[in-house]
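Visitor: Please walk me through this structure, and tell me on what grounds each term is used.

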Amino acid sequence: MTETTVDATGSSPLLRAFAYAAVLAVSFVMLYPLLWMVSSSFKPENEIFSTTSLIPETFTTDAYRRGWNGLSVSFGWMFLNSTVIALLAVVGNLVSCSMAAYAFTRLQFKGRSFWFALMLGTMMLPQHAVLIPQYLMFLNFGWVNTILPLVVPKFLAIDAFFIFLMIQFFRGIPRDLDEAAVMDGAGPLRIFFKIILPLSTPVLATAAVFSFIWTWDDFFAPLIYLNDIEKYTAQLGLRTFVDATAQSDWGALLAMSTLTILPIFILFVVFQRLLIEGIATTGMKR
Amino acid sequence: MLVDDVPHRRVHRWTHLRQHLAGYGFLSPWLLGFFVLTLGPAASSLYLSLTDYGLMSAPRWVGADNYMQIATSDPRFRAAMNVTFTYVLLSVPLKLVFALAVAILLNRGLRGLNWFRAIFYLPSLIGGSVAIAVLWRQVFAGDGILNQVLMALFSYEGPSWIANPSTSIYTLIALAVWQFGSSMIIFLAGLRQIPQDMYEAASIDGAGRSRQFFKITLPLLTPVIFFNAVILTIDAFKAFTPAFVISDGTGGPIDSTLFYTLYLYQEAFTNFRFGYASALAWVLVAIIAAFTALSFLSAKYWVHYDD
Amino acid sequence: MTSLALTGIKKSYGAIDIIHGVDLAIEPGEFVVFVGPSGCGKSTLLRMIAGLEPITGGELRIAGARMNEVSAAERGIAMVFQSYALYPHMSVYKNMSFGLETARMPKAEIDLRVRKAAEILQITKLLDRKPKQLSGGQRQRVAIGRAIVRDPQVFLFDEPLSNLDAELRVQTRVEIAKLHADIGATMIYVTHDQVEAMTLADRIVVLNGGRIEQAGTPLEIYNTPANRFVAGFIGSPKMNFLNVSVDGRAGEAVTLDLAGTKLAVRGIDARPEGLCLGVRPEHLDVGSDRGTPLGAMIATHVEQLGGQTIVYGSLKDRQPIVATLNGQKSVRAGEELRLTADLAQCHVFDAGGRRVAVQSA
C-alpha cells in the first residue's frame, strides 16, 4: 500500500468522479505540450503544423539526425560537456556540503552558531548581488571560457540549500551513535566516514540527483562564462540552435529539445520518490 | 599534586584545540567559499555600485549617481520593474491557488495519487530548461499549438501571443503557473500533517464540508501557504531563462518581457556597465528584502502557528 | 587499590551547576548502581566518567591514574547505552569489532575476542545480522558484547533495560548479574528503577539534585536511610511520613505524640520541632499483639494484590497512611484498624529531613 490518504469527509461518488475528471483534465492540459513536443520530433517537417494529433502518421528520426549535426559542433560534444560539468558539480556539492553539515550538526567549536547564522543568511542573499564581482574575479583568474567557474564554487559549498538539506537529515541520526563511536575510540574523521556518511545515503542520493538536474538545467552561468561553441553545454547549444535555425527547422529544434530533457526525465523516473520526498521535507525550490 | 597538574592542563587545552580544529577543518570549504564567493563579492559589488566602471576603464567613484539615475531617469528600469512586478504579482498567487486546489483534489483519496503527483511535478523539474522555453515559444507562436487548438475547437484565429507586447508577459506567467507542482507537493505534505481526528471531532461537532475547509484545513495550512508564498516570490523576482530564450535575450517585443534580471544581465554583460549593473543588483536585493520583511510582518496577522 | 575514585567532581553549564561536588570511591569488581529521580544528575555523572562530558571541577581517577583529560576511548571503560546505539549499517560482528579496528588491533585478535564475547552472550548465530533484524533482547546483548570485547576495567550501563518489556527486563537483569559474577569487572549502572538498584547492586548511590544523598549496600539503604529523601525514594509503596510532636521529656526518654497516641523513645536531643516518624507500609501490622501500638487507622480504600493487601486510609488527625499486609485480609472501607509496628523498624527525621537514630524507651 503506497496510498495512505484517507478521505476525511466521505465524499459522495459524484463529487469523487468530479474530482477525478478535474485532475485528469488538468494533467492532460499540462502534459499536452510535452507530448506534442516529443511526437513532433518524430514527424516529418510538413506534418508538424498540419495536425494536432499526438501520433505521427509517418514515423521518422530524420529530425534527430539533422539536429544532432545542426551546429558546427555536434550536440554529442555538448552533451559530454554538460555531463562532465554536472558530475563534477555533484561531487563538489556532496563533498563540501556534507562536510559543512557535519561541522554544523556534530562538532563543537567556537563560533559555530555565528557561522551557522551566516550560512542561513547566504541562502537569502540573491546571487545577483555577487554576480559581477564573481565574474570579474574569474576573469582575472583567467577562468572565463573554462568550466572552472561552473564547477569550483560547488566544491566550496556555494549551494547552501544542500547544506540545509543534509543538516535536516544529520539531525535525525541519533547522537548516541556518535557517542558510542567516541567510546570506541573514533575521532571526528572516522565518525564522519564510518558512521554519518554510510547512514546518510538517502540524503546524499537526493542531493546528488538535484545537483545533477539543476546543473544540467543551468543556463545563466554557462551563458556568462562559456564563449566557445566547443565548450558549450547542451542548454547553450540548444539556445544557439534556436538562433541558427531561425525557426526554419522546427523538427530538428524539437528533437534536440527533447534530447536535452531526456536525462532529467530518466533521473525523474528513477528517483521520483527521492525527489518528491526531498521537496516535501525541505520545501526546496523547483 | 601541583607538579603533575601542569602537563594535564596542557593536555586539556590540546584536546579542546583539536575539537575546534576539527570543526574548522570540516567547515573550511564552506568558509573559503563564504569569504571568496559571497562576502568579498558582496562588498565589492556594493562598492562598484557607487562607481562608473566598464571593461576598459578603472572604476571611477560617482557616489550615489547610479542609484539616482535608476530612481529618476531610467525608462528601461521602469519598464523592467513594471514587467517584473506584473509577473510576480500575477504568477505567485495563481500558482499558489492552483497548487492548493490540485493538492486538495488529490488529497481526496483518489486512486493513483502517486501517478498524478509525479505528472504534476514533472513541469517544475524541467520548467527552467531552455527546451521548455523553446517549446513555449512554439506553443504561443502565431502558428503554434495553442492557436491550432483554438482553430480546431472554436474556429478562432489567434494572434501570435509571443510577438504581441500586450500578451507576451502572460505567456511567461502561464509558464510559471504550469510549474505549480513543487508547491503542490509541499501543500500535500502539509495536508497530511493535519491530524485526521481533528476532522472527526469537527464532523461530530456538526461542521460541514466547507466549514471544515475554512475552519480547519485553511488555518492549519497557513504556515505552509506562507512558506510557499515567500519562496515563490523570491524565485519569481529572480526568473531569467524563459524571458531570455523567448525574447532572444532582448526582453522584447518593446521591453514587454524585460525581466529585471534580464535587464541586469544586459547592462552587465552586453553593455559592460558593471557599476550601473551592480547598483541594479542591490536595488533588486533591497526589493526582495523588503518583500520578505513585509511578508514576515504580515504573517503575524494571518499565519496560524501552534503554540 | 580503588578501581575508580571521584573527588569533588563538579559539572556546570555556564552558571548552572548540575553536579555539586561528588566524592566516591569504587572498589575493583564492585557493582555500583546510581539511582535517583530524573534530573538528579546520575546520567551526567556517568557520562563524565565515560568521557562524553568534560568535567568542570574535581578529579576522576581510574586505577590510580588521573583521567579528567584522557579521551573516552583511552580510559579503559566501555559503555552500554540506553538506546543500545548499535550502528545500524553494520553487522553484529562489525558492531563489536569497530572499536578494536579503530585501535588497530590485529585481525586475528579481533576475531578471537568477538567470537569469545559472542559465545558468552550466546549470539554467535547472529554475528552476520544487521541490528534491524534483531529483537530488543538480542540488541541488548550485542550492546553488551560491544562492551565486553574491549575488555574494559570498568563497564558503564546507562539505563540499559528501560527499552525492554517487563518480562525481558527481569530476565536481562538476571543475566547482567550473572555476567558480573562471571567476568568480575567493575560495573557502574544508572537506573531510575529501585528494583533494579536493589537487586543488582553491591552498593547503591542515591543521587538527588546533583548530590549524593547516601551510598551503601541495598539493605543499608533500606534499613537505615540517611534522610527522608532516601527513605522515600527506596521502597514501594513509599514510606509513610507522619508528623509527630514532642509531648514530654524525662532525661534521655522523650514522649512523642502521634495523632493522640504516645510513643516513648530515646536518642532525640536537640530541635524537637518539625519531627516526623517514618514507617514503611510493610512494617505496619493490624490487630497484632506484638509491637508498639500506633493508634487507629480508618481505611478508605483497599487493594487486593493476592499475596498482599494494601490498605489506604488516615489517622485520627487525618494524616494519610498506607499499610501493606501480608496475605489476603478482609478489610472494608470505613473500617477502623488498630495499627502496630516494631519501633526498631521506624525512623525519626528531624525538621531538616535528617534521620535521627532513636531507640524505643
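Guide: The crossing of α10(A) and α2(C) is right-handed. A right-handed crossing has the near helix turned clockwise from the far one by less than a right angle, a left-handed one anticlockwise. This is a predicted model, in which local features need pLDDT of at least 70, side-chain atom pairs count only at pLDDT 80 or more, and totals for chains, interfaces and linings use all residues. Residues are numbered from 1 along each chain as written, chains are lettered from A and ligands numbered from 1 in written order, and side-chain values use heavy atoms, without hydrogens and water.

Visitor: Why are α10(A) and α2(C) called roughly antiparallel?

Guide: The axes of α10 (residues 188–199) of chain A and α2 (residues 92–102) of chain C cross at roughly 155° and come within 13 Å. Axes are lines fitted to C-alpha atoms, for helices over the stretch in contact, with angles from 0 to 180 degrees between N-to-C directions. Angles under 35 degrees count as roughly parallel, over 145 as roughly antiparallel, 65 to 115 as roughly perpendicular and the rest as oblique. The two helices are therefore roughly antiparallel. Helices here are DSSP runs (H or I, at least four residues), strands likewise (E, at least two), numbered from the N terminus.

Visitor: Which residues make the contact of these helices?

Guide: R190(A), K194(A) and I195(A) of α10(A) meet F98(C), E101(C) and T102(C) of α2(C). Contact means heavy atoms within 4.5 Å.

Visitor: What makes R47(C) and E179(A) a salt bridge?

Guide: Their side chains meet at 2.6 Å, N to O. The term requires a side-chain nitrogen of Lys or Arg within 4 Å of a carboxyl oxygen of Asp or Glu, so the pair qualifies. Between chain C and chain A the count is 1 salt bridge, while between chain B and chain A it is 0.

Visitor: How much area is buried between chain C and chain A, and between chain B and chain A?

Guide: For chain C and chain A the figure is about 1600 Å², with 66% from carbon and sulfur atoms. For chain B and chain A it is about 8700 Å², with 76% from those atoms. Buried area is the accessible area (1.4 Å probe) that two parts lose on being put together, summed over both. On the chain B side, F26(B), W30(B) and L37(B) lose the most area to chain A, together 10% of what that side buries.
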